[in-house]
Amino acid sequence: MPVQYQGVRAEHECVRTKAGMFDVSHMGEVRTSGPQAEELLQHLLSNDLAKLTDDGAQYSVLCNEEGGVLDDLFTYRLPDGAFLTVTNASNHQRDYEWMAGHAGDFEAEVQDVAPKYAMLAVQGPLARGAVEDVADGALPERMRTATIPVAGQETLVCGTGYTGEDGVELLMAPAHAPAVWDALLAQGVKPAGLGARDTLRLEACFHLYGNDLSLQRNPIEAGLGWICKLDTQFIGSDALRDAEPEQTLVPFVFTGPGIPRQGNPVSTPQGAGEVTSGTLSPCLNTGAGLAYLPKGAAEPGTEIEVDVRGKPRAAVVAQRPLYPPKKES
Amino acid sequence: MSDVPESYPEDLKYHPEHDWARIEGDEATFGITWYAQDALGEVVFYDPPEVGATVSKDQAYTEVESVKAVSDVFAPLSGEVTAVNDKLGDSPELINSDPYGDGWLVKVKLSDTAELESLLEVGAYKELLSS
């Protein structure tokens with residue numbers, strides 16, 4: 001996937017107001033099957049697999065024993081009873097080896113099926129309509145899946161995405177992907193690149209592995225406690241139960257000029273922090289990002305200062321998501 | 001990625017770090033070349049130096065940022081900043097759409113006009129780009 005086709009701002013705007021598509025075929029897929037596939041994934045993934053119903057989708061993290069994050073991933077329960085877990089490209093090999101390496105105690109098979117899938121994320125308020133027009137069957141609701149023909153090709157359609165907009169993600173055989181892409185292009189869906197994917201997910205306050213998540217951070221401080229069901233006894237849950245993180249990941253916006261970047265130091269009344277993702281938010285038209293801050297400085301409205309290559313820039317802790325902004329109730 | 005066609009005006013002097021200078025006596029206007037803005041992508045932020053600041057040939061004097069990256073801008077000549085392009089505060093994209101016109105960055109009172117000899121003519125700069 002290129003950084004951009006037409007330009008990051010135009011593509012960002014297109015996904016927020018119409019429909020854009022991302023070729024995310026670089027992402028990996030791991031298939032887990034067998035009588036104890038669910039037990040194995042319950043042991044590995046942080047969320048409660050028992051809540052992942054037929055044709056459902058679930059977000060979770062994969063942790064090591066210390067509670068460090070190996071990856072964040074979506075898992076789908078397939079019609080044949082197996083599970084498909086979508087990995088971040090840079091972590092795919094490690095994820096697969098980790099998952100396969102723990103399969104020995106279970107009656108389950110873990111397969112690296114990344115070469116079998118291409119993946120297109122079609123996102124935006126008009127995305128579902130565009131896909132519907134070239135699909136033969138009803139699209140799944142949010143966080144559900146359906147296997148239906150799209151552009152005449154059998155496709156796993158998932159009601160998921162990572163932009164903060166409605167839309168679907170399509171998984172299909174790589175040979176079929178060009179026909180699906182072309183059919184969606186003909187519907188007016190515009191190609192969007194990695195640059196817009198990053199600004200969109202950042203406005204939605206979604207985590208990016210390698211920036212906001214790493215082996216050095218646990219999911220509790222990353223604000224992902226809601227997908228960590230400690231009672232399921234997944235690997236890392238013991239460490240997380242005792243974890244008392246001093247920092248937490250929060251969104252912030254600049255109140256003046258400048259653009260924050262990953263690694264910028266942050267000063268707060270309660271101590272130092274660090275920017276893990278930063279950009280110019282195309283929708284807010286201001287610098288914005290995510291930072292790990294001392295817990296006492298995490299309250300929205302807290303004034304902070306970000307050191308951007310030696311220049312102090314004024315910022316304020318914000319509510320998530322950054323966009324669309326939460327309505328005052 | 002720019003919509004404007006590639007161009008390198010004949011009347012400008014060029015620095016190998018992809019900056020240009022328009023010389024008028026002992027004053028010069030600085031900017032970045034078509035090649036530089038194209039490589040950078042959409043410029044979304046420009047933080048100008050202060051009027052009165054000293055810039056030194058071959059040294060970074062400011063930064064331009066696209067959505068994805070930050071890039072240093074190098075001074076093609078030495079001198080003192082006499083004006084900065086205020087329009088770029090609200091419209092940094094002028095650096096992309098009109099790199100040799102409304103997208104100029106600073107005006108400088110030159111401290112050593114002998115430095116001019118080290119700058120490239122358009123032909124030599126184009127040669128550098130194609131090498």
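A:Ala146 stands opposite A:Val157, a residue of β9(A). The two strands concerned, β8(A) and β9 (residues 153-158) of chain A, run antiparallel and are joined by six bridges. Helices (H or I, at least four residues) and strands (E, at least two) are DSSP runs, numbered from the N terminus. The model is predicted: local features need pLDDT of at least 70, side-chain atom pairs count only at pLDDT 80 or more, and totals for chains, interfaces and linings use all residues. Residues are numbered from 1 along each chain as its sequence is written, while chains are lettered from A and ligands numbered from 1 in the order in which they are written.

β8(A) and β9(A) belong to an open sheet of six strands with mixed pairing, in the order β8-β9-β10-β7-β1-β11 (chain A); strands pair if DSSP finds at least two bridges between them. At the edges stand β8 (145-150) and β11 (190-191) of chain A, each with a single partner strand, so one side of each has no neighbour in the sheet. Helix α4 (residues 127-134) of chain A lies across β7 (118-123), β8 and β10 (167-172) of chain A and runs at about 40 degrees to β10(A). Such angles run from 0 to 180 degrees between N-to-C directions, with axes fitted as lines to C-alpha atoms, for helices over the stretch in contact. Contact between two residues requires their C-beta atoms, placed from the backbone, to lie within 7 Å.

Another open sheet has five strands, ordered β3-β4-β5-β2-β6 (chain A), and its pairing is antiparallel. Here β3 (57-63) and β6 (109-112) of chain A are at the edges, each with a single partner strand, so one side of each is left without a neighbour in the sheet. Neighbouring strands are turned by 25 degrees against each other on average, direction ignored. Four bridges link β4 (residues 69-77) and β5 (residues 83-87) of chain A, and A:Thr75 has A:Thr85 as its bridge partner in β5(A). Helix α2 (residues 37-44) of chain A packs on this sheet, touching β2 (28-33), β3, β4 and β5 of chain A, and its direction makes about 130 degrees with that of β2(A).

In total, chain A has seven helices and 17 strands. The C-alpha trace of chain A spans about 55 × 50 × 35 Å along its principal axes.

Where chains A and B meet, twelve residues of chain A are in contact with ten residues of chain B. On the side of chain A that touches chain B, α1 (8-17), α6 (194-203) and β14 (271-281) of chain A each supply at least two residues.
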